[in-house]
Amino acid sequence: MDTKLTQEEVKHIALLANLTFKEEEMDKFQTQLSSVLDYIEKLQKLDVKNTRETNQVTGLENITSEDIPQTSFKQEEAISNANKQKNGTFTVKAIF
Amino acid sequence: MTIIEARKKLKAKEISAVELIKLYLNRIEKLDPKLNAFLTVSKENALESAKKADVLISQGHDLPLLGVPISLKDMYLTKNIKTTAGSKVLENYIPQYDATSVERLKSAGAIIIGKNNQDAWAHGSSGENSDFGPTLNPWDKSLVPGGSSSGPAVAVSANMAIASGGTDTGGSIRLPASFCNLVGLKPTYGRVSRYGVIAMGSSLDSIGHLTKTVEDSALYLQVTAGKDEKDSTMPNIEVPDYTKNLNKNIKGLKIGIPKEYFIKGLDPKVETVIKQALKKYEELGAKIIEISLPHTEYAIACYYIIMSAEVSSNLARYDGIRYGNERAFFGDEAKRRIMLGTYTLSKGYYDAYYKRSLKVRNLLCEDFNNAFKTVDVIATPTSPTLPWELGEKANDPLSMYLSDILTVTANLTGIPGLSIPAGFVNNLPVGLQLLGPQFSESLLFQAGFAFEQATAWHLKEPNI
């Protein structure tokens with residue numbers, strides 16, 4: 001099967017998707033994803049050379065709202081669900 | 001009890017809102033340990049709201065849902081009430097605001113009795129992908145109730161709520177409606193605001209609901225439908241009076257039957273029920289016309305690429321920083337879909353998969369546009385099979401995906417779909433799906449109401 005994903009490819013996708021897998025899970029995901037990709041191959045049979053893309057079904061374009069400042073959340077509300085907080089702010093791992 | 005019946009009893013002071021809510025809270029306490037339809041029961045809040053409702057009722061207020069107990073799929077953000085999307089990632093998440101739909105339901109007097117279990121992130125067709133255990137079908141507890149709005153369906157079917165809010169991205173309201181003998185509405189994309197509902201596939205998500213009857217469904221949509229400044233994907237289409245002309249005669253209604261939907265995998269017993277339902281429509285004066293939707297066989301493949309791509313983008317926000325646990329808490333199905341989406345959007349594959357799917361989406365839209373030139377509505381089975389056994393499809397994700405084969409086209413094309421009770425096989429419910437052009441919910445309700453009034457399927461209750 002040409003479309004069967006290699007373990008390297010699965011690891012690469014996991015990196016892009018910011019997901020981690022245990023070694024034991026690799027085989028299972030590799031097989032399951034590959035079988036879905038096999039099924040999806042059927043779309044290659046269609047001639048879509050002259051077909052336009054449909055991104056969304058409403059036909060709406062450039063819907064904007066007025067730029068009026070409004071009250072949003074208070075600081076305590078905004079951080080109320082953060083696991084790691086410090087001095088009323090979100091904390092993340094150091095980048096530098 | 002239906003919404004109509006509850007409102008009648010409340011107005012006539014036959015029962016108070018507090019008594020009604022207590023009745024439903026007791027049923028939840030008694031039945032839900034066996035069914036697992038609720039993740040959160042808002043006992044104190046609901047009783048508080050009921051007391052306020054009783055005051056309003058005594059003052060003569062007549063809001064459409066005043067005093068009516070409603071439950072919501074855990075995809076709807078409810079202020080100060082835990083909201084999990086069925087996932088361990090959000091197991092402690094307490095929203096700071098209500099979804100627009102929730103605000104509208106509350107303004108109409110509805111009492112939110114609890115939050116329902118579901119497939120995590122709405123990824124599933126059976127309820128089995130919940131991180132908090134599956135919900136069971138009250139018609140047969142060894143079988144699935146359908147998903148991903150599994151909890152909402154079971155709550156209404158087992159009389160633990162009078163109506164429930166669900167979401168439908170590939171069939172997630174219609175399929176459980178079919179498996180639980182309910183009326184399930186997937187409105188037109190952009191008919192009901194998506195603001196405050198956890199996003200799965202942003203060009204596919206539809207905010208709908210499950211009820212016992214078509215009239216209840218119309219009443220509920222009257223409350224939730226309509227433009228919302230906070231959702232920029234809502235065309236400016238006026239909201240008609242959905243309840244007004246429900247009993248309009250359907251003589252001459254042209255019902256299209258797409259030959260591609262009567263597929264090889266369709267259970268012959270399900271097919272028999274559907275064919276009998278179509279005969280009933282003929283008796284009521286409708287015209288049955290065979291049509292073709294030629295690109296049907298490509299719909300699932302097209303859906304899974306577009307949906308996974310949008311899921312991989314929407315779930316990128318769950319990084320554990322502002323809310324929720326870290327990404328290691330995602331379950332297997334979420335990981336599968338994120339991976340599939342990431343792959344089909346990645347360099348070297350984007351054109352062959354994602355771009356191609358957008359073109360196939362166009363072809364499917366054309367199929368339906370052409371069909372609606374010759375027919376008014378389209379009728380199909382909602383599901384190719386009866387509810388399956390818990391665990392039966394656990395190791396075969398692809399087989400699970402194929403159960404959506406008759407419902408995904410409505411999400412890809414943005415059209416509305418209504419699943420109504422159409423009969424039984426071995427005491428298991430079978431749903432008939434009605435599809436119409438965009439914003440044709442009134443017509444679907446009329447067609448559904450006519451069938452409902454001529455049959456008694458919707459009156460049957462599970463034996464629990």
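## Helices across the chain boundary

The crossing of H2(A) and H10(B) is right-handed. This comes from a predicted model. The two helices pack at an angle of about 55°, and their axes lie 11 Å apart. That angle makes H2(A) oblique to H10(B).

Which residues meet here? From H2(A) come Glu25(A), Lys28(A), Phe29(A), Gln32(A), Leu33(A), Val36(A) and Leu37(A). H10(B) supplies Asp332(B), Lys335(B), Arg336(B), Met339(B), Leu340(B) and Tyr343(B). The contact of H2(A) with H10(B) has 7 nonpolar residues, 1 polar and 5 charged.

## Salt bridges

How many salt bridges are there over all chains? A search of the whole structure finds 16. Across the interface of chain B and chain A, the rule finds 4.

Two pairs link residues already named. In one, the side chains of Lys335(B) and Glu25(A) meet, at 4.0 Å from N to O. This pair crosses between chains: Lys335(B) sits in helix H10 of chain B, residues 332-345, and Glu25(A) sits in helix H2 of chain A, residues 23-40. In another salt bridge, Asp332(B) meets Lys28(A), with 2.6 Å from N to O.

## The interface as a whole

Chain B puts 56 residues in contact with 48 residues of chain A. The size of an interface is often given as the accessible area lost when the parts come together. Between chain B and chain A, the buried area is about 4,800 Å². Carbon and sulfur atoms give 64% of that area.

Which residues of chain B lose the most area to chain A? They are Gln96(B), Met339(B) and Arg356(B). Together they account for 15% of what that side buries. Met339(B) is also one of the H10(B) residues that meet H2(A).

## Helix pairs inside chain B

Chain B has helix contacts of its own. Helix H9 covers residues 299-314, and helix H11 covers residues 351-374. Their axes come within 9 Å and cross at roughly 125°. That makes H9(B) oblique to H11(B). H9(B) passes H11(B) in a left-handed crossing. On the H9(B) side, the contact is made by Ala299(B), Cys302(B), Ile305(B), Ile306(B) and Ala309(B). On the H11(B) side are Tyr353(B), Tyr354(B), Ser357(B), Leu358(B), Val360(B), Arg361(B) and Leu364(B). The residues of this contact divide into 10 nonpolar, 1 polar and 1 charged.

A second pair joins helix H8, residues 268-283, and helix H14, residues 441-454. Here the axes come within 10 Å and cross at roughly 100°. Is H8(B) roughly perpendicular or roughly parallel to H14(B)? An angle of 65 to 115 degrees counts as roughly perpendicular, so H8(B) is roughly perpendicular to H14(B). Ala277(B), Lys280(B) and Tyr281(B) of H8(B) meet Ala447(B), Gly448(B), Phe451(B) and Ala454(B) of H14(B). By type, the contact of H8(B) with H14(B) holds 5 nonpolar residues, 1 polar and 1 charged.

## Two backbone details in loops

Look next at the loops of chain B. A cis peptide bond joins Gly147(B) and Ser148(B), with omega about 10°. Where is Ser148(B) found? Ser148(B) lies in the loop between strand E3 (111-116) and helix H5 (150-157) of chain B.

The other detail is at Asn426(B). Its phi is near 50°, a positive value in a residue other than glycine. Asn426(B) belongs to the loop between strand E10 (417-425) and strand E11 (428-435) of chain B.

Technical notes: Residues are numbered from 1 along each chain as its sequence is written. Chains are lettered from A and ligands numbered from 1 in the order in which they are written. This is a predicted model: local features need pLDDT of at least 70, side-chain atom pairs count only at pLDDT 80 or more; totals for chains, interfaces and linings use all residues. Side-chain values use heavy atoms; hydrogens and water are left out. Axes are lines fitted to C-alpha atoms, for helices over the stretch in contact, and angles run from 0 to 180 degrees between N-to-C directions. Helices (H or I, at least four residues) and strands (E, at least two) are DSSP runs, numbered from the N terminus. Angles under 35 degrees count as roughly parallel, over 145 as roughly antiparallel, 65 to 115 as roughly perpendicular and the rest as oblique. A crossing is left-handed if the near helix is turned anticlockwise from the far one by less than a right angle, and right-handed if clockwise. Contact means heavy atoms within 4.5 Å. Ala, Val, Leu, Ile, Met, Phe, Trp, Tyr, Cys and Pro count as nonpolar, Asp, Glu, Lys and Arg as charged, and the others, Gly among them, as polar. Buried area is the accessible area (1.4 Å probe) that two parts lose on being put together, summed over both.
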